[in-house]
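Thanks for coming. I have one structure to go through today, so let me put it on the screen.

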Amino acid sequence: MAQDEDEEDLSFNVEEVQNIVRDNIEFCLGGNTYSHSRVPQWITVITEKTLTRLNKLNKPFKYIMRITVTQKNGSGLHTAAAYFWDIATDGTCTVRWENKYMYCIINIWALSLQM
Amino acid sequence: MEPGLNYLYVKIRKDFGQQVRFCEVPAVMLDSIDPNKLDQKQYCLRNPTSNESQTVIKLSEHYVNTKKIVLRDQGVNHVEGGWPKDINFQDEEATSRHRRRFERDDSYVSAILNSYDGLKHLIEQNNAIEMYNMYFKEINSEEPVEKYFVRKSIVFNDPDERPIASIGWTHEDDSKIVVAYCNKNYPVNRPVNKNATCSIWAIENSAETYTDFIPPSFCWKVACSPSNSSEIIGGLQNGSVCIFDIRAKKEPIAISPIHLAHRDPVTALLYIHSRLNNEFFSGSSDGQCMWWDIRNISRPTDNLVMSIHAPSSPDDGLKYTEGISALQFDRTFTTKFLCGTDTGYVINVNRKGKNHAEVMSAIFSAHKGSVKSVERNPFIPKFFITCGDWTTNIWSDDIQSSPIIFGTSHPKQISDVAWCPQRVSSYMSICRDGIFRYWDLLRKYYEPIVVLPVSKYPLLYIRPNEEGKFVAIGDTKGSLNLITLSDNMVYSGDRDRNLIVQHFDREARKEHILETRVREIRLKLKLEAHVPVDSTLGKVDDETLIHNAEDEYRKVVGEEFKQFETVPTTRGKSLKTVKH
């Protein structure tokens, strides 16, 4: 049991992370229109908040976070990724959020530290 | 990033460096957004866009001005006042009474005492500085330091590059330079002179001559008439003299006949200061000195043969003469003149002497070679300067044994020397190394004050103009250089004359003393040499001395032979035959 707990504790919880991220985006971008000059500010806010909360989870992971904010003007977008890692311990999580004027895609990769 | 963001964890040592278990995960799509035509239609390309830009230098405006002060003139009317109403201030008694009453007041005394200190301070300040005083008026102004400079003004070039034989300045206000060109070397294989033209240059125009004149033979010497500016006399290579009038024509108006004139080229030519300025005399290396009258140069008026050692009688002719190389005539001694010879003597000749010894009144053994130039000091005629071989010497008339001042030796031969016409203590010398030197006896004794390289070629002749401001120097390649001197080199200082007279007198006295001493010593030696003749101790004359010497010799030789006879007889025979 304890080991299960430990195991749980040590693995990557996708849902939890998604919730965190979605909250943050909503808080930051909310109902704003796309403004090219203000986007860097928003991104900074989002990253800081998210990484702090991820760190608070106290899990032995390295986090990589990627944010893409696109204006909604009918263009298409396609992203993909391939990995060479430890499948048991490492994990990934993607969150897509949109409002009337823009899309926001956030990818989080968690790479476990050796334990 | 917040600085406080950190995650601490603890790890056991044995868990370090565990094996890495990586596997490859193929590409996984992360997200995809389809293109939306409707959305696209909501956006269009804005073309053209108006954009505002301004590239202007940013300026700001600010002005400052001084306050304007308005001035106004107004008079002041001085009226005496301050007196109380009841006193008439014109009335002396009333005012004095009022004053006395005030003075008795107590506060008056203390008020005066209080203001005493301040007033005293102000008064002392006022007395300490006298604003309207002329300071330093007792101290004499210092004389400015003399700066000498010479400058090469103009160069007059002869197109044929003939060496300059003689230079003269015309005696008029706008002085011109008369130049004769001639190569004085002896024509050994072929004639060295081709062109006999002599020129006159004006100082303003250095491009071409003012005028030319052509003597029949090559002109060795020129002299300008002191009274008539267009009259020039020339001494020629064939020994005759000729007169030119440059306004009339280029050829001479009169020439002396050759058989009556000199036999060698004329080496010296001078005007005599007579009443009418019509006499001149010439000297040449044949040793004769002839006097001529301008009005008639068909024959010389007087003739003098320069012979030092033997008395000249008409029979001897020109046997014992010394060639003349320089002549100088000074106004102060109308019947005397100085003559420098080719053999290095300078003779002070008195024309009015009765016999030969009186005529050659003083003979100075001046130089090792020919005396190139001799000149009296224009201010102190008793002293004259000579130049020849490598030095210049200054002599006094009275002392014949040696010069009173020896000049320093020059690196190359000196060609000419001249006193400054207006400066009593200076003279100038030129040298065959092309350098002009200006000497001042009062300032620097052993060194020239100014040294100026004038030309690359040897300099031959120097002549200052009458004023002394310009100096004409001629060299072997026909260029006549005109040098300007600064004012302090042309004119004397205040006390220069006295100082130089004292200086010369001192030197002359020293030489005089030396001369008398030398004479005394010689006299004493002569007396001592005669003493044995008078004594009775037996004649020590040469004959007996010789006999004594011979006897001694025979004695010594005889002794030696006796010694040899005892030696083995192989050599004895030959020895014995040597008997005397």
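This is a predicted model: local features need pLDDT of at least 70, side-chain atom pairs count only at pLDDT 80 or more; totals for chains, interfaces and linings use all residues.

Start with the interface. Chain A puts 34 residues into the contact, and chain B puts in 30. About 3100 Å² is buried between chain A and chain B, with carbon and sulfur atoms giving 56% of that area.

Now the polar side of it. There are 9 residue pairs in polar contact across the interface, both residues at pLDDT 80 or more. On the chain A side, helix H3 (39-56) and strands E1 (61-71), E2 (77-85), E3 (91-98) and E4 (102-112) each supply at least two of the residues that touch chain B. E2(A) has the largest share, 9 residues. By type, that side of chain A divides into 15 nonpolar, 13 polar and 6 charged residues.

As for salt bridges, the count across the interface is 1. The pair is Arg96(A) and Asp31(B), with the closest N and O atoms 3.6 Å apart.

Four strands make an open, antiparallel sheet, ordered E11-E12-E13-E14. E11 (266-271) and E14 (302-305) each have a single partner strand, so each has one side without a neighbour in the sheet. From one strand to the next, the twist averages 20 degrees.

E11(B) pairs with E12(B), residues 279-284, over 5 bridges. There, Ala268(B) is opposite Gly283(B).

Note on methods
Residues are numbered from 1 along each chain as its sequence is written. Chains are lettered from A and ligands numbered from 1 in the order in which they are written. Side-chain values use heavy atoms; hydrogens and water are left out. Two strands pair if DSSP finds at least two bridges between them. Axes are lines fitted to C-alpha atoms, for helices over the stretch in contact, and angles run from 0 to 180 degrees between N-to-C directions. Contact means heavy atoms within 4.5 Å. Buried area is the accessible area (1.4 Å probe) that two parts lose on being put together, summed over both. A salt bridge is a side-chain nitrogen of Lys or Arg within 4 Å of a carboxyl oxygen of Asp or Glu. A polar contact is a pair of N or O atoms within 3.5 Å; within protein, one must be able to donate a hydrogen and the other to accept it, and residues adjacent in sequence count only if both atoms are side-chain atoms. Ala, Val, Leu, Ile, Met, Phe, Trp, Tyr, Cys and Pro count as nonpolar, Asp, Glu, Lys and Arg as charged, and the others, Gly among them, as polar.
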